[in-house]
Amino acid sequence: MEKSPAEDPSQAGKTQQQGAEANTPKSGERPGQGEAPAPDHYRPDPQHQRDESNIKAPDVANAKYKHPILAQPPEALTGLRLEEQQRVAAGVTAVIKSMEFNWGEAGLSRGTRGLLKMNQKDGFDCSSCAWPDPDDHRSVAEFCENGAKATASDADDKAAGPEFFAKHSLAELSQMTDRDQNNAGRLTHPMVVRPGDNHYSPIEWAEAFKIIADNLNALASPNEALFYTSGKVPNEPAFLFQLFAKLLGTNNLPDCSNMCHESSGAALSPTLGLGKGSVTLNDIHEAEVILIIGQNPGTNHPRMLTALQKAKRNGAQIIAVNPLFEAGLNHFKNPQDFMNPLRALGALMGDGTQITDLFLQVRVDGDMALLRGIMKHLFEAEDANPGLVVDRPFIDKYTTGFDSFEQNIRNTSWEDIEELSGISRAQLLEAANMLARKQKIITCWAMGVTQQRQGVQTIQEIVNLHLLKGAIGKPGAGTCPVRGHSNVQGDRTMGVWEQPTKEFQDKLGQEFNFQPPYEHGYDTVEAIKAMYKGKTKVYFGLGGNLLAAGPDTEVIAEGMRKQKLTVFVGTKLNRGHLVTGETSLLLPCFTHADVDMQKSGHQMTSCENSMGVVSQNKGVLVPLPGQMMSEVAILCGVAIATLGDKINIADWVAMTENYDVIRDHISRVIPGFEDFNEKLRRPGGFYLPNGPRERKFTTKNGKANFTTTELEKYKLEPDQLVLMTVRSHDQFNTTIYDYNDRYRGIHGERRVLFMNRQDMADRGLKAKDLIDITSHFQGDERTVEKFLAIPYDIPKGNVAAYFPEANPLVPIASVAKTSNTPTSKYVVVTVIPTKALNASREDLEARVKARELA
């Protein structure tokens, strides 16, 4: 084995030649992955640190009059145009839209170079979704429309530098739409808002580091600081970020995972022993039946459609479970087929590949009841065909808890199942019949499940289904939580977690010769509460946009305003950078696509995808002129300025100059990363250990555990509806590329509410009527104004709206059981014609004044 570049500087940044690896897993084979990891026992805050006290609902509707810097997107409508909902995803239109946006943002040469190196074995990792890349051959265009837009945005050749910020005050910037903020250009210089300022102004890096150090060192307790992380952050800076927080003395490491797949980890760790999925990309191709629950791959993970298409061509059947009928769940035209003479004409003229064989239009929050109905049918089928449906040998050898689980399913009434799911017994029988004689079963899910009130318990029922069928730990079978951001899974692997295990902390302390904190810190919801209640003084955000991503927008905004210092490390302007503490720093960093040159040469970082593959991330585009720094360099500068002689300064300098030094540290701290530098240089990277993939269940009892869940029923008032938040097609996470949602037929507008036609008629509403939406939780109300009612194919009693526009309706105290994830997929609302147009400014200001006096 060659020396690590940490020992041999001439090897810095070098990779092995791209090509086929002898040990690349072939279809139907298990990948080489090393030994199973240490136990991954999820501990749902056993130290009982969650703040259960009530936060009074903010005056959402009138906040725009109280605060000149808008925390919510402006209410001005941008010009709605409605078209028919599309039934086919991708195709020629996706190619055209991708190129239009890419070349418009980055220019022809720069944009094309970025696209051709994205997701290649010698290139950089797409900064949007975490869908895996093929182990073997990769196409020239190994990207989707979503990834093309993300890379174009990262490669933007426009600069938002000091002149831009001198021209626009914070209030003026907040009046811009989220799209226009993102499209203003790349951040190029470190900027500061000093006390009393209304503009960002330039600052030198050394002074910025000193401001951070002075504020952190002045805290009465390290727990008065918060360190928030975005899933876009690669492994190396993520490791340094959590290390710095712990050297300071706190585990306050809230991250975006707390708001998305925390429910997955909370369900998978105690049942299977690992809070990650158990399948590989090849397994998708081999599956006989694939369930897609609470996920819209056509918009949020478009490259997944290629894998589903391959599975279909191999004979798989697909069951889609979702409240909205989505184009990507119906038909898919693969742009790659246009380059295949045998498929080009069909791809151009036809509807492409049919993806879904059975679509179950479940009610919002009805997935648990639906899964119980399918399993109830399976038990009935087993009664009629003993030994042919339920995998008793697997259950007896590998699992515990089956008898209690079975009784629970059999005792669930069909009346409850049909009422809560909105799916008939006959439809559920159709789904069960597709599964009954199959064992190569994969279930994919995303935030449509995790952000429910019972998201954890619903995922436990998914696990129950797989254990019932023995559909785990074999080719073509297993669990597949589909992560939303490029390295959100890797950040957790690197130790970004407010509840670190003792084993992890012990190894970290041993490696860096310090005593790490063991007391649990704040997750995202608890961090928001702590900021709001004045318990913290410093907020440090490494990427992301907590203001737009989190629940209860105005509560977050008020918490930010109470901080002595807010620090935002980012690549492009977003609304979260504008609602600041007394002093605020905006620090520009590189993207995945940027060339990162340090003293030892061209550096690379790494990311972990949804299926546990760690691969290199090596930028190819020259950064724009300015003073941008890498995330690693920023964090090392902050650590040295803050901690000084308390740390080994020479080591932190070395980690800045050569990222292989960071990886050598990681290799000695985190299981599965042994020989990290050598393995990262293999074309395509390497698989992390995954116990469930090999039927090694590292739970506390060493078994896979069935769960007996409680199916809760909730009562709504006659006029109430259940809201779910969704993304548009021209959006990734909180980044808005444009105002369109092509597949759903929405153009030029985002302030829309998708409603069942009968629900609209019952309220006397017509298409495009202006409405106000009010959420109701524990006697509190929150209202957003001036949305447009849109008739749509959605279950009666359910409505949907885009985030971040609808996030002010999500109460901070409404969270999923166990995981503490905000319930953005279950918000009780009422809808009325808008009052905003009939109220004068004086009336509204009087209402604000009265509210303040109260």
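The questions and answers below concern a predicted model of a protein chain.

Q: What is the average pLDDT of the protein chain, and over which residues does the pLDDT fall below 50 with 18 contacts in the model?
A: Taken over the protein chain, the pLDDT averages 90, and 89% of the residues score at least 70. Against that background, one stretch with pLDDT below 50 has 18 contacts beyond near neighbours in sequence, and this stretch is residues 1-6.

Q: How many contacts beyond four places in sequence does the model have for residues 17-23?
A: Residues 17-23 are a stretch over which the pLDDT stays under 50. For these residues the number of contacts beyond four places in sequence is eleven.

Q: What percentage of contacts between residues at least 6 apart in sequence join residues at least 24 apart?
A: The protein chain holds 32 helices and 33 strands, and of its 854 residues 66% are buried. When the contacts between residues at least 6 apart in sequence are considered, the share that joins residues at least 24 apart is 81%.

Q: Are helices α10 and α21 parallel, perpendicular or oblique to each other?
A: Two packed helices are described by the angle between their axes and the distance between the axes. For helix α10 (residues 262-272) and helix α21 (residues 455-469) the axes are 8 Å apart and the angle is about 40°. Angles from 65 to 115 degrees count as roughly perpendicular and those under 35 degrees as roughly parallel, and α10 and α21 are therefore oblique.

Q: Which hand does the crossing of α10 and α21 have, and how do the residues of their contact divide by class?
A: On the side of α10 the contact is made by S263, S264, A266, A267, L268, T271 and L272, which meet G455, V456, I459, Q460, V463 and L467 of α21. By class, the residues of this contact are eight nonpolar, five polar and no charged. As for the hand, α10 passes α21 in a crossing that is right-handed.

Q: Is T450 buried or exposed, and which residues does T450 touch?
A: T450 belongs to helix α20 (residues 447-450). Its relative accessibility is 0%, and T450 therefore counts as buried. Leaving out residues up to four places away in sequence, T450 touches C260, H261, S263, S264, W445, G455, I459, A816 and T821.

Q: At roughly what angle do the axes of α28 and α29 cross?
A: In the contact between these helices, D651, A654, M655, T656 and E657 of α28 meet Y659, V661, I662 and H665 of α29. Those residues divide into five nonpolar, two polar and two charged. The axes of helix α28 (residues 649-657) and helix α29 (residues 659-669) come within 5 Å, and they cross at roughly 115°.

Q: How many of the nine residues of helix α24 are buried, and against which elements do the buried residues pack?
A: Helix α24 (residues 524-532) is mostly covered, with eight of its nine residues buried. The buried residues are T524, V525, E526, A527, I528, K529, A530 and M531. The elements against which they pack are β7 (225-229), β16 (538-542), α25 (546-549) and α26 (553-561).

Q: What distance separates the C-alpha atoms of I528 and A557?
A: I528 is placed in helix α24, and with a relative accessible area of 0% this residue is buried. Apart from neighbours within four places in sequence, I528 is in contact with L546, P551, V555, I556 and I812. I528 and A557 are 29 residues apart along the chain, and the separation of their C-alpha atoms is 9.3 Å.

Q: What is the omega of the peptide bond from F803 to P804?
A: P804 sits in the loop between β32 (798-802) and β33 (827-833). The peptide bond leading from F803 to P804 is cis, and its omega is near 10°.

Q: What phi does D675 have, and what phi does Q778 have?
A: D675 lies in the loop between α29 and α30 (676-680) and is partly exposed, with a relative accessible area of 44%. Q778 lies in the loop between β30 (770-777) and β31 (780-791), and its relative accessible area of 62% makes Q778 exposed. Although D675 is not a glycine, its phi is positive at about 55°. Q778, which is not a glycine either, has a positive phi of about 50°.

Technical notes: Residues are numbered from 1 along each chain as its sequence is written. This is a predicted model: local features need pLDDT of at least 70, side-chain atom pairs count only at pLDDT 80 or more; totals for chains, interfaces and linings use all residues. Side-chain values use heavy atoms; hydrogens and water are left out. Axes are lines fitted to C-alpha atoms, for helices over the stretch in contact, and angles run from 0 to 180 degrees between N-to-C directions. Helices (H or I, at least four residues) and strands (E, at least two) are DSSP runs, numbered from the N terminus. Angles under 35 degrees count as roughly parallel, over 145 as roughly antiparallel, 65 to 115 as roughly perpendicular and the rest as oblique. A crossing is left-handed if the near helix is turned anticlockwise from the far one by less than a right angle, and right-handed if clockwise. Contact means heavy atoms within 4.5 Å. Ala, Val, Leu, Ile, Met, Phe, Trp, Tyr, Cys and Pro count as nonpolar, Asp, Glu, Lys and Arg as charged, and the others, Gly among them, as polar. pLDDT is the predictor's confidence in each residue, from 0 to 100. Buried means under 20% relative accessible area, exposed over 50%, partly exposed in between (1.4 Å probe, protein chains only).
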